[in-house]
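Open your viewer and get ready to select a few residues at a time. This tour tells you what to pick next and what you will find there.

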Amino acid sequence: MEELTAILKVHADDFSIIEQHLKDYHIYVSGLKNLKAQYNRLFPKVTTAFRLSEGSSGTMNFKSTTEDFAIERAELSEAIQREILEYDNIISSIENALSALDEKELQFVEYRYFKGWTIEQIMPKLGYSRRGIYGVRDKVKAKFLINLRNLLIY
């Protein structure tokens, strides 16, 4: 238990960043869906059509409106792709970290971070005293400080 307390004290500021990611989890999921939809609108499924260009001097030049469209959109898509990768990383990291929790810890995370409940609201739901809830919280914090460390490195 002393190691747990030491870990929590050293990384208190780090955990506030992790907590914010947890609170925003459902927003990330929705945002990822929206980014993917926007990306798909930038690059709709179109077929390439080539045509000969007039006025060439002995060589054949092919012109593709699809290619022009893709080049025009490529610059716009780069930023969206970075955002998609970032959101996907955050979402999958949180989901992986959740898989390392036991049932009570999962319930705590659901109530505290995903629903935004207070400790007082969680106590009767989990059937724990305030001290018991803080014990569960500390275990969750210690596990997340290890499992979600990648969210602190930017």
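**Stop one: helix 5**

Select D102, which caps the N-terminal end of helix 5, with a side-chain oxygen 3.2 Å from the backbone nitrogen of K104. Keep in mind as you go that this is a predicted model.

Now show the whole of helix 5, residues 103-114. How far apart are its end C-alpha atoms? They are 15 Å apart, which agrees with the 16 Å that its 12 residues should span at 1.5 Å a residue. Colour E105, F108, V109, Y111, Y113 and F114, which are buried in this helix. Just past the helix, pick G116 to see a positive phi of about 75 degrees.

**Stop two: the nonpolar core**

The largest nonpolar core has 32 residues, and I94, F108, V109, F144 and L148 touch the most other members. Helices 2, 3, 4, 5, 6 and 7 each give two or more residues to this core. Helix 4 (65-98) gives the most, with 8 residues.

Next, select L148. Setting aside neighbours within four places in sequence, L148 is in contact with I18, L22, S93, I94 and A97.

**Stop three: aromatic rings**

How many aromatic pairs does a search of the whole structure find? The search finds 5. Begin with Y25 and F114: their ring centres are 5.1 Å apart and their planes lie at 25 degrees, so this pair is stacked. The pair links distant parts of the chain, as Y25 is in helix 3 and F114 in helix 5, 89 residues apart. Both Y25 and F114 are buried.

Then move to Y28 and Y87, whose ring centres are 5.4 Å apart with planes at 70 degrees, so they are edge-to-face. Y28 belongs to helix 3 and Y87 to helix 4, so the pair ties together parts 59 residues apart in sequence. Y28 and Y87 are buried too.

For one more group of rings, select F15, F108 and Y113, which form one aromatic cluster.

**Last stop: H21**

Finally, pick H21 in helix 2. Is H21 buried or exposed? With a relative accessible area of 11%, H21 is buried. Its side chain makes a polar contact of 2.8 Å with the side chain of Y28. Beyond residues up to four places away in sequence, H21 touches Y28, I90, I94 and L151.

Note on methods:
Residues numbered from 1 in each chain as written. Predicted model: local features only at pLDDT ≥ 70, side-chain atom pairs only at ≥ 80, totals over all residues. Heavy atoms only, no water. Helix = DSSP H or I, 4+ residues; strand = E, 2+ residues; numbered from the N terminus. Expected span 1.5 Å × (residues − 1). Buried < 20%, exposed > 50% of the residue type's maximum accessible area, 1.4 Å probe, protein only. Polar contact = N/O pair within 3.5 Å; in protein donor to acceptor, adjacent residues only side chain to side chain. Core = buried A, V, L, I, M, F, W, Y, C linked by side-chain atoms within 4.5 Å. Contact = heavy atoms within 4.5 Å. Phe/Tyr/Trp six-rings, centres within 6.5 Å; stacked < 30°, edge-to-face > 60°.
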